Amino acid sequence: MRSHGQAAWELLLPFVDAPARQRGRALQEALREAVRSGRLAAGTRLPSTRELAADLGVSRGLVTEAYEQLTAEGYLRSGRGAGTWVGEAARARRTGHSGAVDGGLGSTQAGRLGPGADGGAPVRGVRAPDPVPDGGAARVLVDFRPGTPDLSLFPRAAWAAAQRAVLTRLPHPALGYPDPRGLPELREALAGMLARRRGVVADPERLVVCSGVAQASTLLGFVLRARGLDAVGIEDPGSPEHGRLFASTGLDTVWLPLDEEGLRPGPLTASGVRAVVVTPSHQFPSGISWSARRRAALLDWARAVDGYVLEDDYDGDFRYDRAPVGALQGLDPERVVYAGSVSKSLAPGLRLGWTLVPEALLGEVVERKRTMDLGNPVLDQAVLAEFVTRGGYDRQLRRCQRAYRERRDALLGALAEHLPGTRVSGIAAGLHVIARVPADFGPPERFLARAAEAGVALRPLEDYGTARPADGDVRLVIGYAHLAPSAVTAGIRLVAEAVGRG
Ligand SMILES: Cc1ncc(COP(=O)(O)O)c(C=O)c1O
C-alpha cells in the first residue's frame with residue numbers, strides 16, 4: 001500500500017498544470033486516472049481532505065468535492081466514520097483483465113420467466129414494448145411530452161460558420177468514402193470532450209461515430225445476436241424505444257425492476273440475460289442517479305456472466321445542482337459500451353452520435369457499421385469536429401444549461417402553486433421530471449383526458465414500464481426543456497383549471 005505522501009505526489013503531476021479555474025476538474029480526472037490505472041489500488045486509504053489539500057496547496061473544499069464526486073461515481077468509497085478508500089468497482093486497465101468473450105456469450109440462458117408485473121421479478125417479453133403513443137390530442141397548446149430539447153436554441157450562426165470553414169478547407173479526397181468508424185478529427189475531438197466532460201475512458205481508436213444512441217443500440221444488438229444472445233434487459237421503467245431498437249436486431253426484451261438506487265441485483269441475475277441497457281447518470285424516465293453501490297454491482301454482474309452493459313448517456317451533460325456524475329464506462333471500459341449523441345444538446349434531427357466500444361467487440365461493431373451505411377456523412381462529421389474543437393459545443397451546453405434550469409424552476413413553481421401536493425422526484429438534471437399528482441386531482445384517466453381536452457399533452461409514467469399502481473395518484477413524465485418558462489407555467493395552469501379538485 002502506498003503512503004499518503006507518495007499518492008499525493010503522483011496525483012499532483014497532471015493536476016498542477018491546470019489553470020486555477022479548472023483545478024477541480026483536473027484533480028478529479030487525475031484521481032480517476034490513478035484509480036483506473038491501478039496506481040491507486042483498491043482498498044488504498046486516501047489522505048484526509050485536510051492533508052491532501054495541504055499537500056497540494058489547494059482549498060480543502062476542492063478536495064472534498066473531488067472525493068464526493070468520485071464516491072458518487074464508484075471510484076472511491078467512504079467508511080462509516082471518517083475516511084475514504086479506493087473502491088473495488090473500477091477495473092484497472094493494466095491488470096490483464098480481458099474483455100474476451102469468444103464462445104461465451106449466449107451459451108446459457110435461464111428458462112423463460114412468465115410475465116407478471118409484481119415489480120419484483122423480471123418481466124420477459126416475447127416482443128418489444130409498444131411505441132409510446134403520441135397522445136392524439138386534437139389541438140395541442142402546450143406539449144409536455146418529454147424527449148426534445150429547445151430547437152430554437154440551435155446555434156445556427158456558429159453551425160453555419162463551421163460549415164463554411166469546413167467546405168473551404170476540406171480537400172477533394174476527403175469527400176470519398178469515410179472510415180466507417182468516423183473521421184479521425186471528429187473521433188479525436190469527441191474523445192477529448194467525453195473524457196473531460198463525462199469521465200469516460202475515451203480512446204479515439206475505439207470511438208465509432210454513428211447516427212445517435214439509436215444506431216449504437218442496433219449495432220450492438222446485431223453483434224450480440226450474432227454471438228448467440230437472444231435477449232437484452234432494459235430498465236423498468238425505461239425507454240420503450242430501447243426495446244424496439246433491440247427487437248429490430250432479433251433480441252427479446254426483459255424488463256428489469258428498478259428501485260431508487262438503480263437496477264435490483266436479484267432480478268437482474270435471475271433474468272438470465274447477459275446484456276442490459278441502462279441510463280445510470282439520469283435514469284430515463286425515473287430521474288434517479290444510480291448509486292455507487294449499484295454501479296459496482298452491475299459491473300460485478302457483467303463480469304460474472306461474461307456480459308455487456310450498454311450505457312445510454314442520453315442527457316448526462318445537464319445537471320443543475322452539482323457537477324454531473326461521471327459515466328459508468330470509466331469504471332470498466334471492457335464491459336461497458338458507452339453511447340451518446342447530440343440529440344439533447346444540439347438537435348435530434350442531426351442524427352449524430354458516438355459509441356465507445358470494448359476492444360473485444362470493436363471489430364464486429366465497425367464491420368456492422370460499414371455494412372449498414374458505410375459511415376456517417378463526411379460533411380456533418382467535419383462540421384461537428386470543427387464545432388467541438390472551437391469550443392462551440394461547450395458554449396452550447398452552457399447556454400442550454402442556463403435555459404433549462406430556469407424552465408425546471410418554473411415547472412416546480414407552477415406545480416406547487418397550481419397542483420399543490422404534487423411531489424417531484426429525481427435529481428435536478430436533464431430535460432424532464434417525474435411528477436406525482438395526488439389522487440384528489442385524479443383519477444389518472446380522467447386527469448389525462450381533461451388535460452388533453454384543454455390542449456395540454458401529457459405523458460403518464462405507465463407508458464414506460466410494467467408498473468400499474470392502484471393508489472389513484474397521477475404519475476407524469478413532464479418534459480420542460482423545449483418550453484419557455486411562461487409556456488411551462490401557462491400549461492400547468494391550464495391543467496389545473498381543467499382537472500379542478502375531484
Ligand atoms: C432515453 C433515450 N435514449 C436514447 C434516445 C435516442 O437517442 P438518439 O437520438 O441519440 O438516437 C432517446 C430519444 O429520445 C431517449 O429518450
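These legends describe close-up views of aromatic side chains in a predicted model. Local features need pLDDT of at least 70 and side-chain atom pairs count only at pLDDT 80 or more, while totals for chains, interfaces and linings use all residues. Residues are numbered from 1 along each chain as its sequence is written, and side-chain values use heavy atoms, with hydrogens and water left out.

**View 1. The ring pair of F284 and Y314.** Rings of Phe, Tyr and Trp (its six-membered ring) pair if their centres lie within 6.5 Å; planes under 30 degrees apart count as stacked, over 60 as edge-to-face and the rest as tilted. By this rule there are five aromatic pairs. The planes of F284 and Y314 stand at 85°, with ring centres 5.6 Å apart, so this pair is edge-to-face. Helices (H or I, at least four residues) and strands (E, at least two) are DSSP runs, numbered from the N terminus.

**View 2. The ring pair of F284 and Y464.** Here the centres are 5.5 Å apart and the planes at 80°, so the pair is edge-to-face. Y464 belongs to the loop between β16 (459–460) and β17 (474–479), 180 residues apart from F284. Both F284 and Y464 are buried (under 20% relative accessible area; exposed is over 50%, partly exposed in between; 1.4 Å probe, protein chains only). The relative accessible area of F284 is 14%.

**View 3. A cluster of rings.** F154, W159 and F387 are linked by ring pairs.

**View 4. R335 over the face of Y308.** R335 lies at 5.6 Å from the ring centre of Y308. A charge sits over a ring if NZ of Lys or CZ of Arg is within 6 Å of the ring centre and within 35 degrees of the ring normal.
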